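Please examine the sequence and structure shown here before reading on.

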Amino acid sequence: MTGTPMIINALGQLDNPNAPQSMEAAADLNPTSEQFSIDARTLADARASGLTAVNITLGYVMGDLPPYEHTLHEIDVWDAIVTRHTNDLLKVTTVADIRTARRDGRIGVVYGFQNAVAVGDDVGRIATFAQRGVRVVQLTYNQANRLGGGSAAPATTRLSSFGREVIDALNDHHLMVDLSHSGEQTCLDAVVHSRVPVSINHTGCRALTDLPRNKSDEELRLVASRGGFVGIYFMPFLNPTGHARAADVVEHIVHAVDVCGEDHVGIGTDGPVTAIDDLEAYRARLAEHVAQRQEAGVSAAGERADTLPFVVDLRGVDQFRELIRLLEQRGYSAGRIEKIMGRNFVDYAERVWAA
């Protein structure tokens, strides 16, 4: 296709994984935003890739940190990062901000959570998060929490009454309800309960690879039928061997489009643009990190010491252009590819943030 379409990563990272502090953080169970390296290479690679905007994870995900206080601190950290790099980054709170980022050649940064534990027992905190610029809230991580079941909990775990209250508040404040790590019944319950379309920002298709972090056709179809969004990740869970390739990403996108329709599917890579330079050294650190996650009970089924948390032949600054090339090879039109690479996320954001 001629020209690069708008590229929106519905869940990704801004980081240079080769920088010393990021390499050290990679071995930690629960790295904080202060440990990521938003350096010259991070920014240059992101811009060179064609990326327009990315939903990054901040705040409490797991561990012993005080969830609410840590989350507010992480928002402060990211506000400072964006302020330091104002020529390269733009904090996104509206769809207009995404369009501004594209016009100016900057990277839009969408603030998102991968766990709603920071709400505590006070749904009033959601107003605070919204006021501070958070725009995406994932209900659960892999474990169950007070809201419902994660992908590592029994699939029959239901959305709780408190989970329904949280969704009501997220709807009221125009925040995305993200069901990426939820268990199946919690996901189905949440889609039905929400008055506003919901998203699964980074997942795969369970019909192709039967792992709990992937979504069933029933979940995918229900989300799409109510005007929602599904992002396909570049993760090992796309192949039963745990060694996913670019071809697997394409197959999962194709299946999701077949189930959801072309207006509801996008990408949420779950990784940075900058590639790891020394893969062998990284593999040694990865084994330690996976062991920590398993010991803490926060890993997902399919995580192993030999499964890289990215697709080895779909990484670095050319990852989006390569995916576009593969989708073209598959016979997808320029219009459909434009939707998948970014326009569907923007249209979904219009339905939620401007509701």
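D270 counts as buried, because its relative accessibility is 17% and buried means under 20% relative accessible area, exposed over 50%, and partly exposed in between (1.4 Å probe, protein chains only). The model is predicted, so that local features need pLDDT of at least 70 and side-chain atom pairs count only at pLDDT 80 or more, while totals for chains, interfaces and linings use all residues. Residues are numbered from 1 along each chain as its sequence is written, and side-chain values use heavy atoms, with hydrogens and water left out.

**Positive phi angles**

Although D270 is not a glycine, its phi is positive, at about 70 degrees. H174 is likewise a residue other than glycine with a positive phi, near 60 degrees.

**A buried asparagine**

N344 belongs to helix α12 (residues 334–353) and is buried, at 2% relative accessibility. Its side chain reaches the backbone oxygen of V265 at 2.9 Å. Contact means heavy atoms within 4.5 Å; not counting residues up to four places away in sequence, N344 touches F229, E262, D263, H264, V265 and K339.

**Nonpolar cores**

A nonpolar core is a set of buried Ala, Val, Leu, Ile, Met, Phe, Trp, Tyr and Cys residues joined through side-chain atoms within 4.5 Å. The largest one comprises 81 residues, and L139, I253 and L323 have the most contacts inside it. Helix α9 (residues 246–260) gives the most to this core, namely nine residues. When neighbours within four places in sequence are left aside, L323 is in contact with F234, V249, V250, I253, I267, L314 and M341. Another core, of 18 residues, lies apart from the largest one and includes I98, M176, F345 and W353.

**Cysteines**

A search of the whole structure finds zero disulfides, a disulfide being a pair of cysteine sulfur atoms within 2.5 Å. C187 is in none, and the nearest cysteine sulfur, that of C260, is 11 Å away. C187 is buried at 0% relative accessibility, and C205 is buried at 0%.

How values were computed:
Helix = DSSP H or I, 4+ residues; strand = E, 2+ residues; numbered from the N terminus. Polar contact = N/O pair within 3.5 Å; in protein donor to acceptor, adjacent residues only side chain to side chain.
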